[in-house]
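Me: I have a structure open here and would like to talk it through slowly. Could you help me get my bearings?

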Amino acid sequence: MQQVNSTPIVSVKNVFKHFGEGETRVDALKDVSLDILPGEVVALLGPSGSGKTTLLNVIGCILEPSSGYVHLDNEVVYNNRWLRNDLRRLRLDKIGFIFQFHNLLPFLNATDNVALVLELAGKDSTFARNRAIELLHYLEVGHRKAAMPAQLSGGEAQRVAIARALANSPRIILADEPTAALDSKRAGIVMDLLRKLASEQNACIIAVTHDEKIFDRFDQIFHLRDGRLDGQV
Ligand code: ADP
Ligand code: MG
């Protein structure tokens, strides 16, 4: 764990989120507060329905909380309301998402899947392709750069998806069950890559996981139960 900089890169304070009203109301997050430092790799644990994805989506500025405070990478982004009106830009600049199933676009090859994110962020296509290929090599799937997603193994596809999440050098990487679809050897390799990345890029990684085989690879573990954080390990 990196402890040089003790200013949190992600700070969530007193966040509440409910869906619906009246009899259909669900309180998905109840007074959640947490701090994550640059370089940290943390896990969100909890039973199904406990609010893990909701919390990840709030941190990722995909979902508006009902109230509270969210600070990301030197910027207060939410204080009982969004403080930015260009949330898409904020996500492109600061946040990388990795999903359980790789989510690659089936009609683009590995390189183009990664390059697309850079082009969306306004980079020219030559730069985007070169950076995409460099990232694929960094994740040890450079030899698969021309393959279509259907031709990749599960582990290869997940590494391409990680390359895509890293393309814009985000300081905050959010992963919903990143290793669930992988065998334990591949899951370990993916987690080691995420750790290497967090320390080299001074980024933080927040991963939802049930995967006991990778628990030893986290700096902090947050337990959610019924929308509440109940103690940290
Ligand atoms: P987890 O990821 O831990 O399984 P979620 O964050 O997806 O849990 O869900 C937390 C609670 O919020 C659950 O009771 C779920 O049914 C509810 N919920 C999540 N998203 C919505 C939504 N868009 N509309 C209504 N209820 C939702
Ligand atoms: Mg979930």
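This is a predicted model: local features need pLDDT of at least 70, side-chain atom pairs count only at pLDDT 80 or more; totals for chains, interfaces and linings use all residues.

Me: OK, and what share of the residues is buried?

Reply: Of the 233 residues in the chain, 52% are buried. In general, nonpolar side chains in soluble globular proteins tend to be buried together.

Me: Which residues touch the most other members of the largest nonpolar core?

Reply: Those are Val114, Val160 and Phe218, in a core of 43 residues. At least two residues of this core come from each of strand S3 (41-45), H3, helix H4 (125-138), helix H5 (154-166), S7, helix H6 (184-201) and strand S8 (204-208). Apart from this core lies another, of 31 residues, which includes Leu55, Ile95, Ile206 and Phe222.

Me: Back to Val160, what does it touch?

Reply: Leaving aside residues up to four places away in sequence, Val160 touches Leu104, Ala110, Val114, Leu136, Val141 and Leu152.

Me: Switching to helix H2, which residues are buried there?

Reply: In H2, which covers residues 87-94, Leu87, Leu90, Leu92 and Lys94 are buried. The buried residues of H2 pack against several elements, among them strand S4 (67-72), strand S5 (75-79) and helix H3 (110-120).

Me: Last one, how many positive and negative side chains are there?

Reply: The chain has 27 positive and 28 negative side chains, and the centres of these two sets lie 3 Å apart.

How values were computed:
Residues are numbered from 1 along each chain as its sequence is written. Chains are lettered from A and ligands numbered from 1 in the order in which they are written. Side-chain values use heavy atoms; hydrogens and water are left out. Buried means under 20% relative accessible area, exposed over 50%, partly exposed in between (1.4 Å probe, protein chains only). Lys and Arg count as positive and Asp and Glu as negative; His and the chain ends are not counted. The place of a charge is taken as NZ of Lys, CZ of Arg, CG of Asp or CD of Glu. Helices (H or I, at least four residues) and strands (E, at least two) are DSSP runs, numbered from the N terminus. Contact means heavy atoms within 4.5 Å. A nonpolar core is a set of buried Ala, Val, Leu, Ile, Met, Phe, Trp, Tyr and Cys residues joined through side-chain atoms within 4.5 Å.
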